[in-house]
Amino acid sequence: MLRTIDRTLPAAAGAVALLAALTACSASAAPEPGGVDDADAGIATLETEAPAPSEAADPLFAEYGEPVRLRLDMTDEEGEAAWQPREKCLEDHYPALQGIGSGSGVGPAIVSDPEKAAEAEELCMRLAPLPPWELDAQNPDALRFAQLVVDCLRDHGVREVEITDADEFGRINFALGGESNDSTSISLGMQHTESCMATASERSDG
């Protein structure tokens, strides 16, 4: 940044001497016709210097909106709204895939063109909402949180419950029922998972 420096002379005589010196040098310092004064050229360069270009925005985000992060306390309506950017993308690029993976209850799609379907899935995956941070595989504390949930479920009588690997959306989940498909564990697990996650959140915050 250019700075203006105050160089006021302390005496009138000094000012007169400086004025005379500047007048005497003006002829030799004047630029030739058609030329550019060095000082002016330097200032022009500073004034017209373009800022560094910013990183280009993802065109998919510009069209459908950036993905949001899910929360454990989201309502069903909020959760469905979070999946809409991906849903709209799939609808535009391969309608038969709409609703797959969003928890909307839509049945299996009839995929007539597997290659095109795979391309649409790969393209629109960037728009899928991020998992709740507590269960995000990128969170180093996610497994600890998941274990708190499992301990809570077992306290409620859920005998068969396990922590699963992260799914395609990066979310750690829970498997209920075990190899024997224990119906009591499944029923109690579905009943208490939400409250156990709330309890685990409180313990994690504390």
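**A close look at one residue**

A: Asp 136 counts as buried because its relative accessibility is 6%, and buried means under 20%. The model under discussion is a predicted one. Asp 136 is placed in the loop between α5 (114-124) and α6 (142-155). A polar atom of the Asp 136 side chain lies 2.8 Å from the backbone nitrogen of Gln 138. When neighbours within four places in sequence are left aside, the residues in contact with Asp 136 are Arg 69, Pro 131, Ala 142 and Gly 170.

Beyond its neighbours within four places in sequence, Leu 135 is in contact with Leu 72, Ala 142, Phe 145, Ala 146, Gly 170, Arg 171, Ile 172, Phe 174 and Met 197.

Cys 89 is joined to Cys 124 by a disulfide with an S to S distance of 2.0 Å. The torsion about this S-S bond is about -75°, so the disulfide of Cys 89 and Cys 124 is left-handed. Because Cys 89 lies in helix α4 (residues 76-93) and Cys 124 in helix α5, the pair ties together parts that are 35 residues apart in sequence. Cys 89 and Cys 124 are both buried.

The other disulfide joins Cys 152 to Cys 196, with 2.2 Å from S to S. This link is left-handed too, with -75° about the S-S bond. Cys 152 belongs to helix α6 and Cys 196 to helix α7 (residues 183-205), so this pair ties together parts that are 44 residues apart in sequence. Cys 152 and Cys 196 are likewise buried. If the bonded cysteines are counted along the chain, the disulfides follow the pattern 1-2, 3-4.

Side chains of opposite charge can pair when their charged atoms come close. Across the whole structure, 8 salt bridges are found. One of them is formed by the side chains of Arg 126 and Asp 58, at 3.1 Å from N to O. Arg 126 lies in the loop between α5 and α6, and Asp 58 in the loop between α2 (38-48) and α3 (59-64), so the pair ties together parts that are 68 residues apart in sequence. Arg 126 and Asp 136 are thus placed in one loop, that between α5 and α6. Arg 126 is partly exposed, its relative accessible area being 39%, whereas Asp 136 is buried.

Another salt bridge links Arg 86 and Glu 121, whose closest N and O atoms are 3.1 Å apart. This pair links distant parts of the chain, since Arg 86 is in helix α4 and Glu 121 in helix α5, 35 residues apart. At 1% relative accessibility, Arg 86 counts as buried. Salt bridges that share partners also join Arg 71, Asp 73 and Glu 78 into one network. Within it, Arg 71 forms a salt bridge with Glu 78, the closest N and O atoms lying 3.4 Å apart. Arg 71 counts as partly exposed because its relative accessibility is 41%. Glu 78, at 35% relative accessibility, counts as partly exposed as well.

The aromatic rings complete the picture. A pair of aromatic rings is described by the distance of the centres and the angle of the planes. The count here comes to 1 aromatic pair. Trp 83 and Phe 169 form this pair, which is edge-to-face, with 5.0 Å from centre to centre and 85° between the planes. Because Trp 83 lies in helix α4 and Phe 169 in the loop between β1 (161-163) and β2 (174-176), the pair ties together parts that are 86 residues apart in sequence. Both Trp 83 and Phe 169 are buried.

Definitions and conventions:
Residues are numbered from 1 along each chain as its sequence is written. This is a predicted model: local features need pLDDT of at least 70, side-chain atom pairs count only at pLDDT 80 or more; totals for chains, interfaces and linings use all residues. Side-chain values use heavy atoms; hydrogens and water are left out. Helices (H or I, at least four residues) and strands (E, at least two) are DSSP runs, numbered from the N terminus. Buried means under 20% relative accessible area, exposed over 50%, partly exposed in between (1.4 Å probe, protein chains only). A polar contact is a pair of N or O atoms within 3.5 Å; within protein, one must be able to donate a hydrogen and the other to accept it, and residues adjacent in sequence count only if both atoms are side-chain atoms. Contact means heavy atoms within 4.5 Å. A disulfide is a pair of cysteine sulfur atoms within 2.5 Å. A salt bridge is a side-chain nitrogen of Lys or Arg within 4 Å of a carboxyl oxygen of Asp or Glu. Rings of Phe, Tyr and Trp (its six-membered ring) pair if their centres lie within 6.5 Å; planes under 30 degrees apart count as stacked, over 60 as edge-to-face and the rest as tilted.
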